[in-house]
Amino acid sequence: MTTLYGLNNCDTCKKACKWLDRFGLAYTFIDYRDHKPTPEMLVDWAGRAGGFQALVNKSSTTWRQLPENRKTPGSEAEWKLLLREHPQLIRRPVVITQDGRFSQGFSDNGFKRLFGIG
């Protein structure tokens, strides 16, 4: 089953869930404020996204409100700590399909490609 990780009150996550419902695709939604991603998950996601920098939504209010010294983690350990402390920084939704494919964010065309819908 496909798993979406995001925030319950996120409009983009809501759109992604509605899209999956519309096409009858089964999924599980996990709010990562309630169930924080493990450090191993964060490393995996960062690897698939192209690095920790690519995993983060730098236009978010949370990012803009961070002290400058927190915006430049110098190590993987610092990134993991930051993202576990502020999971809302992760660009959402993070999607892991049943066959293990990874996607981040939502667009109609992107989801059509991801789920093979013509």
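**Figure 1. Contacts around Pro-37 in the predicted model.** Leaving aside neighbours within four places in sequence, Pro-37 is in contact with Tyr-32, Leu-42, Trp-45, Arg-84, Pro-87 and Ile-90, where contact means heavy atoms within 4.5 Å. Pro-37 sits in the loop between strand 2 (27-31) and helix 2; helices (H or I, at least four residues) and strands (E, at least two) are DSSP runs, numbered from the N terminus. With a relative accessible area of 1%, Pro-37 is buried, a term that stands for under 20% relative accessible area, with exposed meaning over 50% and partly exposed in between (1.4 Å probe, protein chains only). Pro-87, one of the contact partners of Pro-37, lies 50 residues away along the chain, and the C-alpha atoms of Pro-37 and Pro-87 are separated by 7.8 Å. This is a predicted model, in which local features need pLDDT of at least 70 and side-chain atom pairs count only at pLDDT 80 or more, whereas totals for chains, interfaces and linings use all residues. Residues are numbered from 1 along each chain as its sequence is written, and side-chain values use heavy atoms, with hydrogens and water left out.

Figure 2. Arg-84 is partly exposed, with a relative accessible area of 32%. Not counting residues up to four places away in sequence, Arg-84 touches Lys-36, Pro-37, Thr-38, Pro-39 and Leu-42. Asp-34 is 50 residues from Arg-84 in sequence, and the two are 11 Å apart in space, C-alpha to C-alpha.

**Figure 3. Trp-45 and the largest nonpolar core.** A nonpolar core is a set of buried Ala, Val, Leu, Ile, Met, Phe, Trp, Tyr and Cys residues joined through side-chain atoms within 4.5 Å. The largest such core has 21 residues, of which Trp-45, Leu-55, Leu-83 and Ile-90 touch the most other members. Helix 2 (39-49), helix 3 (52-55), helix 5 and strand 3 are the elements that give two or more residues to this core. Apart from its neighbours within four places in sequence, Trp-45 is in contact with Tyr-5, Tyr-32, Pro-37, Leu-55, Ile-90, Val-94, Ile-96 and Phe-102. A second, separate core of nine residues includes Ala-16, Leu-20, Val-95 and Leu-114.

**Figure 4. Ile-96 in strand 3, and the cis peptide bond at Pro-93.** Ile-96 is buried, with a relative accessible area of 18%. Residues up to four places away in sequence being left out, Ile-96 touches Met-1, Thr-2, Thr-3, Tyr-5, Trp-45, Arg-48, Arg-101 and Phe-102. Met-41 and Ile-96 are 55 residues apart in sequence and 11 Å apart in space, C-alpha to C-alpha. Pro-93 belongs to the loop between helix 5 (76-85) and strand 3 (94-96), and the peptide bond that joins Arg-92 and Pro-93 is cis, with omega about -5°. Most peptide bonds are trans.

**Figure 5. The protein chain as the setting of the close-up views.** Six helices and four strands make up the elements of the protein chain, which run β-α-β-α-α-α-α-β-β-α from the N terminus on. Of the 118 residues, 41% count as buried. Along its principal axes, the C-alpha trace spans about 45 × 25 × 25 Å. Among contacts with a separation of 6 or more, residues 24 or more positions apart account for 64%.
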